[in-house]
Amino acid sequence: MAGRENRRITDVGTLKAFAHPLRAELYRLLCVQDVATASQLAEHVDEAVSLVSYHLRKLAGHGLIEEAEPQTADGRERWWRPASDGVSIQDADFRDDPGKSAAHLAATRLFHDQRADRYRRYLDERATWSAEWNAANLDVESWMRLTPAELTGLKEELRALLQRYDERGRAAEAAGETEGREHVALIQYGFPFRV
């Protein structure tokens, strides 16, 4: 998926469509798998194929996913992929109206809860991962004193670093280096607080 632009969600309709719990999970699965059918995704989320198909069409209707080239000769299968490298949702696009702001807050809380659930699942399953993977696990908490400009700079540097690692990993996998390679989630939060 590397190489396509990040999609910035700026309208409340798309935000609400994306912030449905099942749709957000389907979108993440597509980002991880690159391409998939409704049947394949339904197995991962333990839902009916018809329900998954409905939610995929809703995501496509807002330009968040798109049809992909068929991966098999079965013409009945409809393949999907993310329409961009990812999405970004900026506070500035929803701040001017209380209804939009509330929708943005609800979406942000949903995404946070889903990320926390994924990390809790890892913690519950940690004993099933190798000692090497558990040693590589990243769990960091940093306390800094920054300005908004400095935090923005840190965010941009981290984003560039993550992109380099992602591109390097994808290139290695494309070259056949699959031994020991797993999906990895890196979730970051950087926010001001007062004590």
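The model is predicted: local features need pLDDT of at least 70 and side-chain atom pairs count only at pLDDT 80 or more, while totals for chains, interfaces and linings use all residues. Residues are numbered from 1 along each chain as its sequence is written, and side-chain values use heavy atoms, with hydrogens and water left out.

Helices (H or I, at least four residues) and strands (E, at least two) are DSSP runs, numbered from the N terminus. Helix α2 comprises 13 residues and reaches 18 Å from its first C-alpha to its last, close to the 18 Å expected at 1.5 Å a residue, where the expected span is 1.5 Å times one less than the number of residues. Asp-34 follows α2 and has a positive phi, near 75°.

The open sheet is formed by 3 strands in the order β2-β4-β3, with antiparallel pairing. Because β2 (36-37) and β3 (65-67) stand at the edges with a single partner strand each, one side of each is left without a neighbour in the sheet. Helix α2 (residues 21-33) packs on this sheet, touching β2, β3 and β4, and its direction makes about 90° with that of β4. Contact here means heavy atoms within 4.5 Å; axes are lines fitted to C-alpha atoms, for helices over the stretch in contact, and angles run from 0 to 180 degrees between N-to-C directions. Two strands pair if DSSP finds at least two bridges between them, and β2 and β4 (residues 79-82) pair over 2 bridges. Within β4, Trp-79 stands opposite Thr-37.

Helix α5 (residues 98-125) has 28 residues, which should span 40 Å at 1.5 Å a residue; its end C-alpha atoms are 41 Å apart, in agreement. At the start of α5, a side-chain oxygen of Asp-97 reaches to within 2.9 Å of the backbone nitrogen of Gly-99. The buried residues of α5 include Ala-103, His-104, Leu-110 and Tyr-122, and the elements covering its buried residues include α1 (12-18), α2, β5 (86-89) and α6 (131-136).

Phe-111 also lies in helix α5 and counts as buried because its relative accessibility is 8%. Not counting residues up to four places away in sequence, Phe-111 touches Phe-18, Ala-19, Ala-24, Arg-28 and Ile-89. Phe-111 and Pro-21 are 90 residues apart in sequence, with 8.3 Å between their C-alpha atoms.

Conventions:
Buried < 20%, exposed > 50% of the residue type's maximum accessible area, 1.4 Å probe, protein only. Polar contact = N/O pair within 3.5 Å; in protein donor to acceptor, adjacent residues only side chain to side chain.
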